[in-house]
Amino acid sequence: MTEDLSRGNPRGLHFIAELANTVQDGTQVSAAVLQALLERHGGPPFVLTESDARRLCEATARLIHILATDDEDQAAEAINALLDQHPAQPRLARLPGRPWSLHAKAPQNADPTHWLLSTAALALGVWLGERGRCAWGQCAAPDCNHYFIDTGRRTPQRYCTPRCATRVRVAAHRAQRTIPMARPT
Ligand SMILES: [Zn+2]
């Protein structure tokens, strides 16, 4: 997952959001599910045990705590605590055809939980520093609790996907149309 921390390419951040959504959706997330998620996002080829999975879910709860806040001071404090406990050993790397950018060092037999928390803390820290605010959030649609990374440059994003935004807009539009009919004339 080396290109994750590059400017304007928040792939690693999308992995964190999807992980948060997977963990909060499932009561028991299995090693197979987490491993498939890692593979899909180009993560390290860990062979996860069920006990790794349990620890990864606990670690994800700490990341969810950060994604749930929109207070940048609180987020910075939580990210710094993670960086203290799980130093990321960042280094500049240059991928073919790309400018120099900061990356978490690829793990050599690293513990999956340490890998997750160090990579995520660095990615969230770089992102917070770059955007100057908590450019992430939880979907504002009433029946959706998904976390998302806010990659927009202007208005802060409120919904996890355009689909949720459309759904809320359609529901509001329908409600507007039905209210006058509900009133006695
Ligand atoms: Zn949503």
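In what order do the elements of the protein chain run from the N terminus on? They run α-α-α-α-β-β-α-β-β-α.

**Before you start**

This is a predicted model: local features need pLDDT of at least 70, side-chain atom pairs count only at pLDDT 80 or more, and totals for chains, interfaces and linings use all residues. Residues are numbered from 1 along each chain as its sequence is written.

**Stop 1: the whole chain**

Color by secondary structure. The protein chain has six helices and four strands. Both are DSSP runs numbered from the N terminus: helices are H or I with at least four residues, strands are E with at least two. Of the 185 residues, 30% count as buried. Buried means 20 or more other C-beta atoms within 10 Å of the residue's own; exposed means 12 or fewer; partly exposed lies in between, with C-beta atoms placed from the backbone.

Now consider contacts, where two residues have C-beta atoms, placed from the backbone, within 7 Å. Among contacts with a separation of 6 or more, 56% join residues 24 or more positions apart.

**Stop 2: the core**

Select Ile 16, Ala 17, Ala 20, Ala 120, Ala 121 and Ala 123. These have the most contacts inside the largest nonpolar core, which has 40 residues. Such a core is a set of buried Ala, Val, Leu, Ile, Met, Phe, Trp, Tyr and Cys residues joined through C-beta atoms within 7 Å.

Next, show the elements that each supply at least two residues of this core: helix 1 (11-25), helix 2 (31-40), helix 3 (50-67), helix 4 (72-85), helix 5 (112-131) and strand 4 (147-149). Helix 5 gives the largest share, 10 residues.

Center on Ile 16. Leaving out residues up to four places away in sequence, Ile 16 touches Leu 63, Ala 120 and Ala 123.

**Stop 3: His 41**

From Ile 16, go to His 41. The two are 25 residues apart in sequence, and 9.9 Å apart from C-alpha to C-alpha. His 41 sits in the loop between helix 2 and helix 3. Is His 41 buried or partly exposed? It is partly exposed, because 16 other C-beta atoms lie within 10 Å.

**Stop 4: Gln 89**

Select Gln 89, in the loop between helix 4 and strand 1 (90-93). Check its backbone: phi is near 50°, a positive value in a residue other than glycine. Gln 89 counts as exposed because it has 12 C-beta neighbours inside 10 Å.

**Stop 5: Cys 164**

Finish in helix 6 (residues 162-182), at Cys 164. Which residues does Cys 164 touch, not counting those up to four places away in sequence? They are Cys 139, Ala 141, Cys 144 and Tyr 159. Cys 164 has 19 C-beta neighbours inside 10 Å, so it counts as partly exposed.
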